[in-house]
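Please look over the sequence and the structure before reading on.

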Amino acid sequence: MREKKYKVLVLEDEKEDSIQAMIGERFLASDVSPKRAETIRFLEDKPAFLIWDTACSVADTERFMEEIHICEIPLLIITDSQENPILADLVGAPLTLILIRPFSAEKLAEKMHAFLRQIIKWQLERIAGKFEYKGRKLVLIVDEEQMTGTVVRLYLKDLYDVVQVRSCHAALEFMEYLVPDVLLADMELEIHRELRKKEYLKEVPFFYFTSDRDRITVLRVTSAGAKGCIVKPIQKDELLIKLKEELGNSEAAASDEELITMVSEGGTLGKQDKPHILVVDDFSMALKTMKVQLEGEYQVILAVSGKQALTFLEKHRPDLIFMDVEMPEMNGIETVQKIKENPLWREIPIIFLTGNKEKDTIYSCMSLGAVDYMIKPVSVPKMLEKIRKVLG
């Protein structure tokens, strides 16, 4: 879960040892004057919760409490005694914590964080139904029809904390209280437009559910700033690999990264009598499949991006490169252009992989000096035949 400073309003009299000063480093705290408290409209400026020091009196307590109830504002009450008559007005408040003086700044912060955990759980259940937060990586799914989201949640429930909502509005409300480690949403919802509007959500990594992976779809996903697309119907292995790569917990991705690191530091790639084939594809299942199909006869090196492929080439020269065309950030054509610009690399034979059968795409690939291209899904016999033809 990503760190986020939560907004807290503090209702107290002015004094040197103010509560606002005690919590200022941990929360986005702002004070509310007693006069303003009677007319405050929480819907305009809703905090995660309100701290009310009862030493600060409000003229119309009943009206003030009604506003808190209507807007469902969690309330942390600071009081000198459990017998304080104001506490009787708290019956029916949505969520309340009472803290009795004296206490230290550390004790206050501890209570506030414990209260915040209760608030998060309460808000999650209010927005997304019953939810058990176990402190694992958090995945938020936005799916109007719920069918795809339900399947995904079943696939992920043993590995991550997963919350599913039906609309962008619910997702944004949810993220006011808890920022997810990764967001999954149907592409047609265009939730990226909303993420860009809020500073603390701009860096949230997200994947879009799509019905296909054609060139236009890939361009839409990339331009939206998504980490990639997950094609429906959802394949469990593809989903898990993509998420584990993003959340830094994929054995497959880790082994690939270790391999790239090893060769960049001058290490070896195993048996030198086998031809080395570099396979570049952002689709992890494609990489895994190619590795299984080729590693009997060849030494296979995997790269999940054009940038990673170029890093590998700085220290090692493969005998052949398979290059996917549609990749985010730096696509296959851009990567090959950089390879051909380097005199040390330009003679390495390259075979393009693409799911796009358009003549313009194929012409662009071949005009860069590629030795061949293959249309996905790749036929294993044809692939082996092309490799033998190139390597002799």
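Two strands are taken to pair if DSSP finds at least two bridges between them, and strands (E, at least two residues), like helices (H or I, at least four residues), are DSSP runs numbered from the N terminus. The model is predicted, so that local features need pLDDT of at least 70 and side-chain atom pairs count only at pLDDT 80 or more, whereas totals for chains, interfaces and linings use all residues. Residues are numbered from 1 along each chain as its sequence is written, and side-chain values use heavy atoms, with hydrogens and water left out.

**Overall composition**

- The secondary structure of the protein chain comes to 15 helices and 15 strands.
- Of the 392 residues in the protein chain, 48% are buried, where buried means under 20% relative accessible area, exposed means over 50% and partly exposed lies in between (1.4 Å probe, protein chains only).
- Contact means heavy atoms within 4.5 Å, and among contacts between residues at least 6 apart in sequence, 57% join residues at least 24 apart.

**The sheet E12-E11-E13-E14-E15**

- Five strands form this open sheet in the order E12-E11-E13-E14-E15, and the pairing is parallel.
- Its edge strands are strand E12 (299-303) and strand E15 (372-375), each of which pairs on one side only, and the twist averages 20° from one strand to the next.
- Angles run from 0 to 180 degrees between N-to-C directions, with axes that are lines fitted to C-alpha atoms, for helices over the stretch in contact.
- Strand E11 (276-280) is largely enclosed by the rest of the structure, because five of its five residues are buried; His276, Leu278 and Val280 lie on one side and Ile277 and Val279 on the other, so that both faces are covered.
- E11 runs parallel to E12, to which five bridges join it, and the bridge partner of valine 279 in E12 is leucine 302.
- Four bridges join E11 to E13, again in the parallel sense, with methionine 323 of E13 as the bridge partner of valine 280.
- E14 and E15 pair in the parallel sense over four bridges; in E15, aspartate 372 is the bridge partner of isoleucine 351 and isoleucine 375 that of threonine 354.
- Helix H12 (residues 306-313) lies across E11, E12 and strand E13 (320-324), and runs at about 155° to E11.

**The sheet E7-E6-E8-E9-E10**

- Five strands form this open sheet in the order E7-E6-E8-E9-E10, with parallel pairing.
- E7 and E10 stand at the edges with a single partner strand each, so one side of each is left without a neighbour in the sheet.
- Neighbouring strands of this sheet are turned by 25° against each other on average, direction ignored.
- E6 and E7 pair in the parallel sense over five bridges, and valine 165 of E7 is the bridge partner of valine 142.
- Helix H9 lies across E6, strand E8 (182-186), strand E9 (206-210) and E10, and runs at about 160° to E10.

**Helix H6 and its surroundings**

- Six of the eight residues of helix H6 (residues 168-175) are buried, so this helix is largely enclosed by the rest of the structure.
- The buried residues are Cys168, Ala170, Ala171, Leu172, Phe174 and Met175, and they pack against helix H4 (105-128), strand E6 (138-142), strand E7 (161-165) and helix H7 (192-195).
- H6 lies across E6 and E7, running at about 155° to E6.

**The second largest pocket**

- A pocket, on a 1 Å grid over the protein atoms alone, is an open set of points where a 1.4 Å probe fits, with protein on both sides within 12 Å along at least five of seven lines, and lining residues have an atom within 4 Å of a point.
- Grid points are joined across faces, edges and corners, and a volume is the space filled by probe spheres set on the points; about 670 Å³ of space lies in the second largest pocket.
- Of the 32 residues that line this pocket, the closest to its centre are Arg213, Asp281, Phe283, Ala286 and Lys376.
- The elements that give two or more residues to the lining are helix H8 (215-223), strand E10 (228-231), helix H9 (236-246), helix H11 (284-294) and strand E14 (350-354), and H11 gives the most, with five residues.
- By class, the lining has 13 nonpolar, seven polar and twelve charged residues, where Ala, Val, Leu, Ile, Met, Phe, Trp, Tyr, Cys and Pro count as nonpolar, Asp, Glu, Lys and Arg as charged, and the others, Gly among them, as polar.
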